[in-house]
Amino acid sequence: MIDIEKIRADFPILKREVNGKPLIYFDNAATSQTPQVVINAIVDYYSRYNANIHRGVHTLSQEATDAYEVARKKVQQHFSAKNDYEIILTAGTTHAINIVATGFTSFLAKDDEIIVSAMEHHSNIVPWQMLCERTGATLKVIPMTEQGVLKTDVYENLLSSKTKLVFVNHVSNALGTVNPIEFIIEKAHAVGAAVLIDGAQATPHIKPDVQALDVDFYVASAHKLCGPTGVGLLYGKEDWLNKLPPYQGGGDMIDQVSFEKTTYAGLPFKFEAGTPNICGGIAFGVALDYLNEIGYENIGAYENELLIYATERLKEIDGLRIYGEADEKTAVISFNVGNIHPYDIGTIVDKLGVAVRTGHHCAQPIMDFYKIPGTVRASFAFYNTKEEIDVFVDAVKRAVMMLS
Ligand SMILES: *Cc1c(COP(=O)(O)O)cnc(C)c1O
């Protein structure tokens, strides 16, 4: 069960007003809000033990190093990774994907193929296109249905011995669809392909077990998990991380350096060149503790209630169409009303204190598929309420009245 009063009190930002109205924050798919415990961890770091890690013998450096490595262990446990050195702390999902996409350059030849899905975020399309340009490999796309569900039969036909890598998001940020990643991973492995799953949108709602999934790489961002921006993770199976070349050269990622030859540090440091987001990493660990204390089952069940309620209420509005109607979806609703431009609805509801996202949500191919310029997207978190949804639905109704 969610104790909503208690939870809302954890988030100072929820007390503020926007345009003279109480803030209603429905842009959780873009970034989540930050609970006081995470803010405290950031203040504590800079107030008490700000120092560079893995280098100094002095007390502050050791405290910071210990806290950073404790955070890595928390991430490891959260994702059920076998070893803590299989967790690379990155600047976020995009950075993590680029480590893998760049590293695969040396593994691909001209006739090889990479498969991605039709519902990817731009950060998941562009690095693969760049990889194909470098290597001459071909990019194949798993199409989707009108409901926003991947066509798994087509996927099976796309797979062959040429397939070297499959890349799919666990949950689509634009549609909320939960993709059948177990099936996708199993079929890819059957032809010897590696799989990278983008969990940026799934991890606020679902706690993945990377060992049970048998996934080769899994990535996510802390800022969608009640943590700070600029930090995230790349999970990789030990074998893959050993094979993959380093992404950036610099301090902290080396073993021995001379002008003749440099040898690299072992995992995870090989992929962590330079001074990382130390405070961010530590706060990420605290954010995961916070989410686990509430419990993912509670979060999932409560958000699903919000999703069902909001879907029903929005359907009261004439001419409203929802994009993404998969049976299994997270608390994201993308919609348009008639021919009204999503931006206009977004602007009016903001005047009424409601923050939603409008536009293509970094997923232009999805918008092209539906032949629309964009959508209004409301995305909910466990600190939102049905009362807020009521205010939001009234705000959309008012916007529609003004605009049609
Ligand atoms: C947010 C998001 C990303 C990008 O994450 P960054 O934190 O901006 O790197 C990638 N994929 C999906 C599905 C997302 O929702």
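Before you start, know that the model is predicted: local features need pLDDT of at least 70, side-chain atom pairs count only at pLDDT 80 or more, and totals for chains, interfaces and linings use all residues. Residues are numbered from 1 along each chain as its sequence is written, and side-chain values use heavy atoms, leaving out hydrogens and water.

**Stop 1: the largest core.** Select Val166, Phe335 and Phe382, the residues with the most contacts inside the largest nonpolar core, which has 109 residues. Such a core is a set of buried Ala, Val, Leu, Ile, Met, Phe, Trp, Tyr and Cys residues joined through side-chain atoms within 4.5 Å. Buried means under 20% relative accessible area (1.4 Å probe, protein chains only). Next, colour helix α10, residues 278–294, which gives the most to this core, with eleven residues. Helices here are DSSP runs (H or I, at least four residues), numbered from the N terminus. Domain 1 (4–30 + 295–403) and domain 2 (39–292) both give residues to the core, so it lies between them. The domain bounds come from an automatic or database domain assignment.

**Stop 2: around Phe335.** Beyond its neighbours within four places in sequence, Phe335 is in contact (heavy atoms within 4.5 Å) with residues including Leu314, Tyr323, Phe392 and Val396.

**Stop 3: the cysteines.** How many disulfides does a search of the whole structure find? It finds zero, a disulfide being a pair of cysteine sulfur atoms within 2.5 Å. Cys226 is buried, at 2% relative accessible area, and Cys279 is buried at 6%.

Terms used:
Buried means under 20% relative accessible area, exposed over 50%, partly exposed in between (1.4 Å probe, protein chains only). Helices (H or I, at least four residues) and strands (E, at least two) are DSSP runs, numbered from the N terminus.
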